[in-house]
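Reader: Could you show me how to read pairs of aromatic rings in a protein model?

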Amino acid sequence: MIPGLSPIPTDGTTNQVKGKNGTLGKDEFMKLLIAQLQAQDPNSPMDAQDFSAQMAQFSSVEQMFNVNTNLENLQKSQNAMANNSAVNLIGKNIDAPGNGVTLKSGKSPVLSYSLPKNASQVVVDIFDSAGIKVASLTENAQKEGVNSALWSGLNENGKPFPEGDYTFEVHAFDEEGNEMLAELFSAGLVTEVTFEDGVSYAIANGKKTPAAEINRVGLN
């Protein structure tokens, strides 16, 4: 029972004031108040102070519902804006957490990674779909933050490796020779965008990535 409301007759009236899912909303609150007024003793009507207190309570309930409604509308508006923004990713190249890279004829893939601090040397190893290392790149004096290495896609004889999907690992070392953990980013072309449970996902290289996790968007 709502504080401040006296018991009302069990003549079926209570069954008419339940809201959706059995909850009590502002409309149901008003129905209860009206039912109480109708059921009160004419010789002993509700005290004016009690009535004012219940009306104040009703006003508070109404305000809370209005706030909830406004927040829901705001959330829907923000989701719509995020979805519209995500659609613009189609046809763009992105970097997102991962270590996959796709090699295409005539293209030199960019292998991106982020370092927690400056590194004196970074070694990038590249593996084919069978897990065999096919190339190794060495970069010197890399700064803290996002860095990248350009892979020619050619073997030691200058012949191109087969087109397809590859993976890479990054081994970064500081001036003392201690290895540090690097965060890897997978590059890919966004072919479609999906929306699930209010979250936008970009599909690149067959992988679904939350739009919020994308750290770079470019035309190439």
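Author: A pair of aromatic rings is described by the distance of the centres and the angle of the planes. Rings of Phe, Tyr and Trp (its six-membered ring) pair if their centres lie within 6.5 Å, and planes under 30 degrees apart count as stacked, over 60 as edge-to-face and the rest as tilted. By this rule, the count here is 2 aromatic pairs. One of them joins Trp151 and Phe161, a tilted pair with 5.9 Å from centre to centre and 40° between the planes.

Author: This is a predicted model, in which local features need pLDDT of at least 70 and side-chain atom pairs count only at pLDDT 80 or more, while totals for chains, interfaces and linings use all residues. Residues are numbered from 1 along each chain as its sequence is written, and side-chain values use heavy atoms, with hydrogens and water left out.

Reader: Are Trp151 and Phe161 buried or exposed?

Author: Buried means under 20% relative accessible area, exposed over 50%, and partly exposed in between (1.4 Å probe, protein chains only). Trp151 is buried because its relative accessible area is 1%, and Phe161 counts as buried because its relative accessibility is 16%.

Reader: Which kind of pair do Trp151 and Tyr166 form?

Author: Trp151 and Tyr166 form an edge-to-face pair, with 5.2 Å from centre to centre and 70° between the planes. Both Trp151 and Tyr166 are buried, and ring pairs link Trp151, Phe161 and Tyr166 into a cluster.
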